[in-house]
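Have a look at the model before reading on.

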Amino acid sequence: MYQKRWGKIKEKLYDEKFDAFVVRNEGNIRYLCCSDVPSFPLVSCVVVPRKGKNIAIASSLEEFRAREKCAIKNLKVFCPYPGIKNDGKNLDDVLRNVLKKINAKKILTDTKQKIKNAKAKQDDFIFNIRMKKDKEEIKRIRKACKIADYGAKILWEIIDENKTETRVANELDHALRQKAQCNSFQTIIASGKNSSYSHHDNTNKKLGNGMVICDFGVYYDGYCSDITRTFPAGNVSEEMIDVYNIVLEAQEKAIKNVRAGKKISGIDKLIRAIFKEYGYDRYFVHSTGHGIGLEVHEKPRIACDYNGKIEKGNVFTVEPGIYLPKKFGVRIEDDIFVGKTVEVLTKAKKKL
Ligand SMILES: [Mn+2]
């Protein structure tokens with residue numbers, strides 16, 4: 001799995017005559033040597049030279065875990081503490097020595113950074129190749145989505161207007177964590193007026209009557225899911241049901257329109273056009289979605305100002321929402337895989 005990824009990078013270095021790729025972004029590091037560990041990456045930096053073995057640089061904190069689990073076996077360690085064998089006191093020292101040893105002068109980096117005695121150029125190459133998922137990645141994302149579906153099913157059972165947001169979040173997380181490595185982000189349970197915010201920190205307020213936006217996801221073998229369902233609690237108004245059905249209509253029409261080769265921005269534009277018909281376009285205040293994979297937010301961004309086409313191998317969310325200030329909100333989110341056909345990976349029910 002990793003060999004292929006390293007090969008792509010080395011090929012680019014050859015083609016564009018660079019000496020090495022210095023990788024510092026956590027998602028990119030995991031992509032190259034430790035995809036299955038979501039919480040704490042094993043190493044702080046990876047150096048892929050044009051020729052020769054890759055080098056990983058870890059803190060002494062992770063040394064022995066990295067020696068066991070990192071796919072790159074050539075490991076350098078930094079440590080400021082006395083009595084611990086190291087290759088330098090800090091990451092910058094070790095990186096400088098590594099680059100000197102392989103005589104790297106022209107370097108590509110995934111994050112903007114200055115490197116002493118070398119010319120460094122930022123390049124999104126690794127972020128970009130991560131957009132095209134391979135079979136193993138799809139298998140893991142599929143599993144993460146299945147656990148998210150299980151969470152949505154549990155919510156139908158545990159949502160109760162007399163429970164607090166934090167209690168519902170805890171009950172949901174308890175169920176999810178039996179099956180997953182961890183949450184892919186902090187579970188959002190936004191009830192009553194709180195549902196009119198597109199982001200929310202859970203409170204000790206009871207759900208009461210109205211719509212409850214539940215946004216959550218998990219990591220499974222290092223890969224994410226991200227799902228949102230909006231549930232009715234207690235009594236809900238006709239307006240709430242109307243808005244719910246508009247969001248659902250837009251979301252499903254947008255998903256039906258996803259096809260490899262089409263513009264990504266078209267997905268976002270279609271949803272805005274539908275909301276406009278109903279007079280709600282002012283209240284869709286975020287983009288339509290984002291790629292998922294090793295990280296819960298990665299490329300591509302599903303937005304009207306994004307340049308790029310839908311490609312086979314893409315996995316991203318489609319999550320339109322309508323947020324009526326001081327009243328309520330509705331968001332519905334699914335995870336989509338563009339394979340031979342377009343597949344909705346999250347299958348939890350959406351009909352109220
Ligand atoms: Mn999302």
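Let's start with helix H6. Its buried residues are Glu137, Arg140, Ile141, Ala144, Cys145, Ile147, Ala148, Gly151, Ala152 and Leu155. Keep in mind that this is a predicted model. H6 covers residues 135–158, and at 1.5 Å a residue its 24 residues should span 34 Å. The C-alpha atoms at its ends sit 35 Å apart, which agrees with that figure.

| Domain | Residues |
|---|---|
| domain 1 | 2–129 |
| domain 2 | 135–344 |

Going by C-alpha atoms, the centres of domain 1 and domain 2 are 34 Å apart. Where they meet, 10 residues of domain 1 are in contact with nine residues of domain 2. On the domain 1 side, helix H2 (26–33) and helix H5 (125–129) are the elements that give two or more residues. H2 gives the most, with three residues. By type, that side of domain 1 comes out as four nonpolar, four polar and two charged residues.

Along the principal axes, its C-alpha atoms fill a box of roughly 70 × 45 × 30 Å. Some 43% of the 352 residues count as buried. And of the contacts between residues at least 6 apart in sequence, 63% join residues at least 24 apart.

Terms used. Residues numbered from 1 in each chain as written. Predicted model: local features only at pLDDT ≥ 70, side-chain atom pairs only at ≥ 80, totals over all residues. Helix = DSSP H or I, 4+ residues; strand = E, 2+ residues; numbered from the N terminus. Expected span 1.5 Å × (residues − 1). Buried ≥ 20, exposed ≤ 12 C-beta atoms within 10 Å, placed from the backbone. Domains from an automatic or database assignment. Contact = placed C-beta atoms within 7 Å. Nonpolar A, V, L, I, M, F, W, Y, C, P; charged D, E, K, R; others polar.
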